[in-house]
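Subject: Handover of a structural model

Dear colleague,

Please find the structure below, handed over for your own work. My notes on it follow.

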Amino acid sequence: MISRFQIAYKNLLRKKARTLLTLIGIMLSSWVLVSLLGFNRGYEHALNRDIDNMGYQLMVMAKGCPYEAATMMLQGGTGLRYIEQSMVDEIVKKPEVDKVTPILMQAFFDPDKGDGGGIAGYFGVEAATFPGMKPFFRFRQGGWFKDENAAEAVMGFEAAELEQREVGDMILVPEKNVKLKVVGILERTGTQDDGTIFVPLKRLQMISATDKITTIGIKVKKGADSTKLETALYLLPDVQVVSFTQVKQTIMKLIATARVMVLSIAIIALLIAMVGVINTILMSVLERLQEIGILKTMGAMPGDIFMLVWTETLILCSSGGIAGIALAFVFARLSDLLVRRVLPYAPGGELVAIDMKLALLTLAVIVAVGLLSGIYPAWKAGRVRPLESIRSE
Amino acid sequence: MKGMSCYRIVLATLLVFFVMAIPALAAVGCDLNDPDRDVARFFPDSSGYKTSYVSIDKRGGDTMLKRVEKRLGDRFHGIYETIDVPYTIYEIRKGTQKIGYIHGVNQKGAYGGIQVFVALDTTGRIRSFYIQKMTSQWAKKLRDPKFGRQFVGLTLTDFDSYDPASGKASGKLTEIRNPASEAEQDFRASLRALKKNLILMDEFVYSPEKGRP
C-alpha cells in the first residue's frame, strides 16, 4: 500500500520547477542561517581562545595613550613610555596574583625590509616566568633560552619562516647590528606569537640600553576577584591596566551591531523562504481541489488531508534544510574567509564553527517554521467540501 | 566616572587590536610587497598583470624536484626549501600581448631570509634583478641597483656553469662583482637564489611553452 509520504512526494514531483525553486529558497536560507549561527558561536570561541592564549588576564603598562605603542612600532622605540621593573615585585605580592611576567617590547627599523623599510618587533621575556604563561607553546625545533642574559632568540613560526631560520642560525637585530643565535622555533599557534621574536629580557634591555620594561603580564589565581585586583593595580603610580575580560566584552559589543544585522538578514531570508513554501503548497492545494474532493468522497477525513498536505511541507523543508546545511559545511572555510575580509578585527582560528549539534538545531528551526507555514494550506485543504470541489472547473 | 571607564576600555581594546595585529608577517611564499607599483617599475609599458601560483609538487613532483636540484647543482635543504613551497608568477601584459614575467624566491641568508626577484622577457632574458628583502649589515650594497644591473641581459644558460657550493663560475658570470666582500655568504646566496629562480621559471613557464616536459 502506498504511504502518505509517497503520495506527498509524488505530488511535489508534479510541478518539478516550482518545487525545485522552493527547495532552493529554503536551502539558501538554511545555509545563511546555519552559517550565521556558526559565526555567532565561532567568533566568541576564537576570541576567547586568542585572549586565553595571551597567557595572562591582565596587563599593566605605563599610563598614556595606547597609540604610543603604535609610535613605538613606527619610530623604532622612540616615544614609548616605560615602567620600572621593580613594579613586578610589588604586583607579585598581591594575594590575587598567580604569576607575573615582565615584558619589554622593542621595535627596530630595518631599511632593507622592502622598499620603504620595515619594522622588526622583538619581545624581551624572562625564561623563568614567561614560558609558564604560555604552557600551550610547542617547539618545532629547540627550546627556550636557559640564560636570562644569553645572546639567543626564540622565533615564532611565521617569523622563522620569513627569515628562513632554523635552530643554530644567527639573526641580526636591525639598527643595533647585534647578532643573536636562534635556539628555538615555535610551532604555529594561530596567534600574534607566530610573528614574534623572543629574546631574553636582560639581553634586549642591554641591546636597547634601558633597564626598564614596557608591560607586565599578570595571571590571576583561579577564583580570585580580578576586579578587586584591577582596582588595586590602578593605585600604582602612572600605570594603566588592560583587562582582557573587558577587552573581550568591548570587542563583542563592537561586533554586536553587525551580528544583529546579519541575524536580521537571516531571519528575513528565512521568512521569504517560508512565504515561498506557503505559496507552493497553497498553489498545489488549489490545483488539486477536485482530487482532494474525490479523496474525501472515498472516506478521507479532514485530518488525513491536512496531514497529507503537511507532509509535503515537511518533505520540502527537511530536504531544503539538509541541503542548505550540507552547503554550509562544504563552504564553511569560504564563509570564514569572507567574514574575515569584512570584519575590522578577526581572531585567529575557526570563525564559522558549525558542528552536528548546530546543524540539527538549525534543521529543527527550519522544519518547525516550515510546518507552521504549512498549517494554512493544509487547513484549507482539509476544509474542502467534496461535492463543491468535484463540480468546480 | 562611567565615561572614564568606557574611555579606558576603548583604549585597551585599541591596544589589543594593535598588539594582536603587529606581527602579520608573510608566509613562506615570495610575493611582491606592492605588485601594482613593482610591475609598473619593472615594466613601465605594461597595462596589467596576471598572478598564478605554482609549486614543484603540483607541477612535477619528485621528478621535477630532482631535475631542478640537478640543474641547480645543489640540493634543496632546510625546513623551508621544500617541494611544496608556493611560487608566485606575475605574468605581465601590454594590452592582450604578454611581455614578460616577474618571479621571486626565498633564500636563506647569513642573518635572515633573502627575497630575490627577477623581471624576465618572454624569452627568459633578465630585464631587472631586485632583492626585495635582505637582513645584513651590507644589505644596502647588495640591494643597490648598480649591483642588480650587472645581471641585465643574462639568461639561464649563463648560469649553467655556476656552482652554488663553491661559488665558482665561468663565462659572463665571472664579470659579476660582489659589492660587499664582507658579505660573501649573502652574495653567493643571492646568486644561488637567482639561478634557482631562473631554473624554476624555465620549468614552470618557458619549457612548457616550448612544448618540453
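How many bridges join strand β1 (residues 58-62) of chain A to β10(A)? The two strands are joined by five bridges and run antiparallel; strands are said to pair if DSSP finds at least two bridges between them.

Some conventions come first. This is a predicted model, in which local features need pLDDT of at least 70 and side-chain atom pairs count only at pLDDT 80 or more, while totals for chains, interfaces and linings use all residues. Residues are numbered from 1 along each chain as its sequence is written, and chains are lettered from A and ligands numbered from 1 in the order in which they are written. Helices (H or I, at least four residues) and strands (E, at least two) are DSSP runs, numbered from the N terminus.

Strands of chain A

Within the pair, A:M61 stands opposite A:Q240 in β10(A).

Helices of chain A

Axes are lines fitted to C-alpha atoms, for helices over the stretch in contact, and angles run from 0 to 180 degrees between N-to-C directions. The axes of helix α9 (residues 244-287) and helix α13 (residues 356-382), both of chain A, come within 9 Å and cross at roughly 25 degrees. This makes α9(A) roughly parallel to α13(A) (angles under 35 degrees; over 145 is roughly antiparallel, 65 to 115 roughly perpendicular and the rest oblique). Residues making the contact (C-beta atoms, placed from the backbone, within 7 Å) include A:L270, A:M274 and A:V277 of α9(A) and A:V369, A:G370 and A:S373 of α13(A).

Helix α11 (residues 302-330) of chain A and α13(A) have axes that come within 7 Å and cross at roughly 150 degrees. The two helices are therefore roughly antiparallel.

A buried residue of chain B

B:E203 is found in helix α8 (residues 184-209) of chain B. This residue counts as buried because it has 22 C-beta neighbours inside 10 Å. Not counting residues up to four places away in sequence, B:E203 touches B:G60, B:M64 and B:V68. The C-alpha atoms of B:E203 and B:V68 are separated by 8.0 Å, although the residues are 135 apart along the chain.

Yours sincerely

Methods:
Buried ≥ 20, exposed ≤ 12 C-beta atoms within 10 Å, placed from the backbone. Contact = placed C-beta atoms within 7 Å.
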